[in-house]
Amino acid sequence: MSECLFCRIIAKEIPAKIEYEDKELVVIQDINPQAPVHLLVISKKHVAGTQDMDAQDRLLLGEMVFRAKELARQRKLEEGYRLVLNNGAKAGQSVFHIHLHFLAGRKMNWPPG
Ligand code: AMP
Ligand code: ZN
């Protein structure tokens, strides 16, 4: 059994609110939402973070961003949404399995905390 939380969610060993799934990605609701809409676009392939990407993973990251665009279109959130990819503990990464935060539904501030 994998030790990785998101690998376990992908394997359906741990429940999550799944919003979308295909061959490469799963989209779930964040358990601790930081905005009215807070989804996580998760690669099914275990890659710990951008530092661990191999050449092929460039395409995977493109899929993740494209999926975010589709989520925004389907939910009529195109007016503004924020995509966040935390890399490394110092940047706020807590789950070391690559994922894109999709945040929307409120005014976002800049600079981020
Ligand atoms: P990060 O800190 O960028 O690694 O993001 C990890 C995210 O995963 C955080 O926003 C957490 O709230 C979220 N999270 C942790 N455990 C779960 C879970 N069991 N189901 C859904 N989201 C989770
Ligand atoms: Zn994993």
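Me: What makes you say that ligand 1 sits in the largest pocket?

Reply: Ligand 1 sits in the largest pocket of this predicted model. A molecule sits in a cavity or pocket if more than half of its atoms lie within 2 Å of its grid points. The grid has a 1 Å spacing over the protein atoms alone; a cavity is a set of points where a 1.4 Å probe fits but cannot get out, while a pocket is an open set with protein on both sides within 12 Å along at least five of seven lines, and lining residues have an atom within 4 Å of a point.

Me: What are the ground rules for numbering and for the model?

Reply: Residues are numbered from 1 along each chain as its sequence is written, and chains are lettered from A and ligands numbered from 1 in the order in which they are written.

Me: Which residues come nearest to ligand 1?

Reply: Asp-30, Asn-86, Gly-92, Ser-94 and His-101 come nearest, out of 16 residues around ligand 1. A residue is near a molecule or strand if one of its heavy atoms lies within 4 Å of it.

Me: Which elements give two or more residues to the shell around ligand 1?

Reply: They are helix H1 (5–10), strand S2 (25–29) and strand S5 (99–104). H1 gives the most, with three residues. Helices (H or I, at least four residues) and strands (E, at least two) are DSSP runs, numbered from the N terminus.

Me: How many residues of the shell are nonpolar, polar and charged?

Reply: Seven are nonpolar, eight polar and one charged. Ala, Val, Leu, Ile, Met, Phe, Trp, Tyr, Cys and Pro count as nonpolar, Asp, Glu, Lys and Arg as charged, and the others, Gly among them, as polar.

Me: Which distance separates an oxygen atom of ligand 1 from a polar side-chain atom of His-101?

Reply: That distance is 2.8 Å. A polar contact is a pair of N or O atoms within 3.5 Å; within protein, one must be able to donate a hydrogen and the other to accept it, and residues adjacent in sequence count only if both atoms are side-chain atoms. The value for His-101 therefore falls within the cut-off. A polar backbone atom of Gly-92 is 2.8 Å from an oxygen atom of ligand 1, and for a polar backbone atom of Ser-94 the distance is 2.7 Å. The protein covers 84% of the 510 Å² of accessible area that ligand 1 has on its own. Such areas come from the Shrake-Rupley method with a 1.4 Å probe; for residues, only the protein chains shown count as cover.

Me: Why is His-101 called buried?

Reply: Its relative accessible area is 12%. Buried means under 20%, exposed over 50%, and partly exposed in between (1.4 Å probe, protein chains only), so His-101 is buried. His-101 belongs to strand S5, and its side chain has a polar contact of 2.9 Å with that of His-38.

Me: Why is Asp-57 called buried?

Reply: Asp-57 has a relative accessible area of 3%, below the limit for buried residues, so the word applies. Asp-57 is in helix H2 (residues 57–74). A polar contact of 2.7 Å joins the side chains of Asp-57 and Lys-45.

Me: Why does Ala-55 count as exposed?

Reply: Ala-55 has 52% relative accessibility, over the limit, so Ala-55 counts as exposed. Ala-55 is in the loop between strand S3 (37–43) and H2. Ala-55 and Gln-74 are 19 residues apart in sequence and 30 Å apart in space, C-alpha to C-alpha.

Me: What is phi of Lys-76, and is the residue buried or exposed?

Reply: Phi of Lys-76 is near 55 degrees, a positive value in a residue other than glycine. Most residues other than glycine have a negative phi, and most peptide bonds are trans. Lys-76 has a relative accessible area of 71%, so Lys-76 is exposed. Lys-76 is in the loop between H2 and strand S4 (81–84).

Me: Which kind of peptide bond joins Trp-110 and Pro-111?

Reply: The bond is cis, with omega about 0 degrees. Pro-111 lies in the segment after S5.

Definitions and conventions
Predicted model: local features only at pLDDT ≥ 70, side-chain atom pairs only at ≥ 80, totals over all residues. Heavy atoms only, no water.
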